[in-house]
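Student: Pick one part of this model and take me through it closely. After that, show me what else in the chain deserves a look.

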Amino acid sequence: ENAGANYAEFSVTRKPDKEINTKRFLFILLYAAVHGIFAYIFLVLTQMAPVMAIVLIIEYIVFLATWHLSKIEYTYIVEKGNLHVYKLVGRLKAKEIVNVKVSENAGIAPADDEDYAYMLDGVEANIDCTISSKSEDRYFAVFNIGGKKTAVYFNAATKLLQMLHYYGGENV
């Protein structure tokens, strides 16, 4: 969390959920398949067992190329009146998934507070950028993104909420 006069930044790492666990399971199957293919080639077809040692190096390379894809991070930045949300998958380049003016919000409130559930009426799309759907400090912000009423879910820090309130006014 960076503190500044008109700037707030907060990053969270998504906890493994069904989607991430499925990816990890498929990656493990991929590693087993690579091992099985090489074992078949070098032990059965060509009968060159000493070459099997190279399988460990190849599996390590495959692991380095794939496993990081199961780690998802989100970074929320409030700067100059705009809310930016970036999604970072492993070591890949961050992708901006939300860029809106905070002042154009239709409401920002805690997600688990029933008093603000009416703000979600008529929401056409949801963008979940939280640690998990059951995490603490989970908030939603309703914006018009691409002509659709969209709810953006995020985990908030104190400085982030202060900046959202500063730029968003009474709807926060």
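Tutor: First, a word you'll meet throughout: two residues are in contact, or touch, when heavy atoms of theirs lie within 4.5 Å. Keep in mind that this is a predicted model, where local features need pLDDT of at least 70 and side-chain atom pairs count only at pLDDT 80 or more, while totals for chains, interfaces and linings use all residues. Numbering starts from 1 along each chain as its sequence is written, and side-chain values use heavy atoms, with hydrogens and water left out.

Let's zoom in on helix α1, residues 18-45. Helices here are DSSP runs of H or I with at least four residues, strands are E runs of at least two, and both are numbered from the N terminus. Start at Arg24, which sits in α1. With a relative accessibility of 24%, Arg24 counts as partly exposed, a label for values between buried (under 20%) and exposed (over 50%), using a 1.4 Å probe and protein chains only. Beyond its neighbours within four places in sequence, Arg24 contacts Pro16, Trp67 and Ser70. Val55 is 31 residues from Arg24 in sequence, and their C-alpha atoms are 20 Å apart.

Helix α2 covers residues 54-66, and the two helices pack at about 155° with axes 10 Å apart. That angle makes α1 roughly antiparallel to α2, a label for anything over 145 degrees.

Met52 is eleven residues from Ile41 in sequence and 9.2 Å away, C-alpha to C-alpha.

Now for the rest of the chain. A nonpolar core is a set of buried Ala, Val, Leu, Ile, Met, Phe, Trp, Tyr and Cys residues joined through side-chain atoms within 4.5 Å. The largest one has 25 residues, and Tyr76, Val78, Leu83, Phe154, Leu160 and Leu164 make the most contacts inside it. Elements supplying at least two residues each include β3 (72-79), β4 (82-89), β9 (148-155) and α3 (158-168). A second, separate core has six residues, among them Met119, Phe140, Ala151 and Tyr153. Going back to Tyr76, the residues it touches beyond four places in sequence include Phe10, Val12, Val85, Phe154 and Leu160.

Helix α3 also holds Gly168, which counts as buried because its relative accessibility is 11%. Outside its sequence neighbours, Gly168 touches Val102, Ser103 and Asn105.

Lys80 has a positive phi of about 50° although it is not a glycine; you'll find Lys80 in the loop between β3 and β4, and at 67% relative accessibility it counts as exposed. Asp137, another non-glycine, has a positive phi of about 55° and sits in the loop joining β7 (125-129) and β8.

Notes: Axes fitted to C-alpha atoms, helices over the stretch in contact; angles between N-to-C directions. Parallel < 35°, antiparallel > 145°, perpendicular 65-115°, else oblique.
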